[in-house]
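This report goes through one protein model by topic, from charges over rings to cores, strands and backbone geometry. Please keep the sequence and the structure at hand while reading.

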Amino acid sequence: MPDNPPIPTGSDSTVYTIDVGAQDSKGDAVLQGPFDRTSYPISKGNVTYRFIEKDLVYFNSPVKQNFSRVKVEMKFIDTIPQGYEFKVGMKNKKEWSYVWNTLYNPFYASLGTFNLTGEDSRIRVYSLNANITTPISSFLSSPSEGSTIATDAPVEIYNDPAATYKESGSSIGELRGVHTFYIYTKGNLSLSVKKQDLNWYNGPDVLDINLYSPANELIKNITISDDGNLGKDNIKGHLQNGTLGSVVKEGIYKVTMRGGSDILIRKIELNNGNIVVQNPFLAGVQYTYSTRFNLYTRAATGDRLGFMTYHNEGLQTIRITNGNYTRSLNISTVNSWHYIDLPSSNELYKIEIPKGNILIDSDSYFSFSKDSYFTPQAIKILPLQDSIDWLKINKVDYIIIPNSQESKDGNWTIASVEYDLSDAYINNNTLNFAISAPHLNKYNYSVPVDWIRIYLEE
């Protein structure tokens, strides 16, 4: 059984029907127009209907305060082009505001070739790579670590980090240029940075350091200024220090360091907690001195790592280990990527890079000590794009879509959406709805609609 079963047609619910094209503007539930956005009523045989010709046509129905859920069901002919949706919105505020649910999306029909992992009255979940079935509540509360989920439905998915909090400090050293870091910390935060200018290029070398909240809002920023040498004499500047301090709740915070490729980040020290970096550019040989880097990463669902150097000094052999797994990757040419595919594993991979002078490209995160590693997001969540190729390119594991409960009656499609009435704006015991088909304002399309039914359940 679904977690939250849909309102069944023919249940004890109260039903209102708008017979579109007949007496659709009279009765308890009515089509409100504007009627210049629809055709005149049409009658063929025993079927009456109208064409919806422009976006945003409205209808309403009575409601009593003791009802808790509503289902809107509509019979229409599918003329929706790929890349567009047919939606119904329930008014949720006194001003113009609606909770929108997708009644029909032609792309959704193509997802039937994938495994249906689970469904309830609100959503369906499809698996692209696994033949599994699970309750929706379990899926949302315990998604597979490392998975990529593409969603077209407003749901909350548990996405706390896979982390063991590190009470002591963490550090990262010897990077070049622009980087993004994630820190898992709490309390009195102190992030110290040592910066050095290469002075390979003309102009000021300023390093901006920004701290963002878990909601991606800027908390604080500091700037480490240029070393005073605006030329390109290849004489490294003196070490400059900056410290970003703040008091924060326990959580994951993003730190960005922006300043261009003429800057070395010689060292980063976090006073307590964990720190990881995305796609690091390791300095080392040629920039400072030959530095042996030991990095750690996880590939819960597998990952492809790419390595590149710009200089002959960066030619070297990289060693990657994980338990019984041992591989070596020879960086044999400059200015070209060298790749290795890591098998899926919940254990950390250790990456030994003897010289540095290496860029790394990966979907994963990297720490500079084993106990500092954590995964900022247990899963990756993406907004769904209506393209099978996009799903493949982005290595999507699961798809979440609204559950629109579709069926066929000859050329006609019958589809429905449901709402929680706690979200509704009810005025004079009336529920207000809107039909949205944005493509009608751009193309010479129309959508025939035969009837609309509103089911109310206590």
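## Charges over rings

A charge is taken to sit over a ring if NZ of Lys or CZ of Arg is within 6 Å of the ring centre and within 35 degrees of the ring normal. By this criterion R453 lies over the face of W451, at 3.9 Å from the ring centre, and the charged end of K254 sits over the ring of Y212, 5.0 Å from its centre.

## Basis and confidence

The model is predicted, so that local features need pLDDT of at least 70 and side-chain atom pairs count only at pLDDT 80 or more, while totals for chains, interfaces and linings use all residues. Residues are numbered from 1 along each chain as its sequence is written, and side-chain values use heavy atoms, with hydrogens and water left out.

For the protein chain the mean pLDDT (the predictor's confidence in each residue, from 0 to 100) is 89, and 97% of the residues reach 70 or more. Helices (H or I, at least four residues) and strands (E, at least two) are DSSP runs, numbered from the N terminus; among these elements, confidence is lowest in helix 1 (residues 106–109), at a mean of 86, and highest in strand 22 (residues 316–322), at 97. Over residues 1–6 pLDDT stays under 50, and for this stretch the model has 16 contacts beyond four places in sequence, a contact being heavy atoms within 4.5 Å.

## Nonpolar cores

A nonpolar core is a set of buried Ala, Val, Leu, Ile, Met, Phe, Trp, Tyr and Cys residues joined through side-chain atoms within 4.5 Å, where buried means under 20% relative accessible area, exposed over 50% and partly exposed in between (1.4 Å probe, protein chains only). The largest such core has 43 residues, and those with the most contacts inside it include F181, I209 and M257. A second, separate core of 36 residues includes Y16, A29, F76 and V88.

Leaving aside residues up to four places away in sequence, M257 touches, among others, H179, F181, L191, V193, D208, I209 and I268.

## A buried strand

In strand 19 (residues 281–284), F281 and A283 point one way and L282 and G284 the other, and all are buried. Strand 19 pairs with strand 26 (residues 356–361) in the antiparallel sense over three bridges, with L282 opposite I358; pairing requires that DSSP finds at least two bridges between two strands.

## Aromatic pairs

Rings of Phe, Tyr and Trp (its six-membered ring) pair if their centres lie within 6.5 Å, and planes under 30 degrees apart count as stacked, over 60 as edge-to-face and the rest as tilted. The structure holds 19 aromatic pairs. The rings of F293 and F368 have centres 6.3 Å apart and planes at 80 degrees, so this pair is edge-to-face. Because F293 lies in strand 20 (residues 293–299) and F368 in the loop between strand 27 (365–366) and strand 28 (380–383), the pair ties together parts that are 75 residues apart in sequence. F293 is buried, with a relative accessible area of 3%, and F368 is buried at 18%.

Y419 and F433 form a tilted pair, 6.4 Å centre to centre with 50 degrees between the planes, and both are buried. Elsewhere, Y58, W96, Y98 and W100 form one aromatic cluster.

## Backbone geometry

Most residues other than glycine have a negative phi, and most peptide bonds are trans. The peptide bond from G33 to P34 is cis, with omega near 5 degrees, and P34 is placed in the loop between strand 2 (30–33) and strand 3 (42–44). N216, in the loop between strand 14 (207–212) and strand 15 (218–224), has a positive phi near 65 degrees and is partly exposed, with a relative accessible area of 48%.
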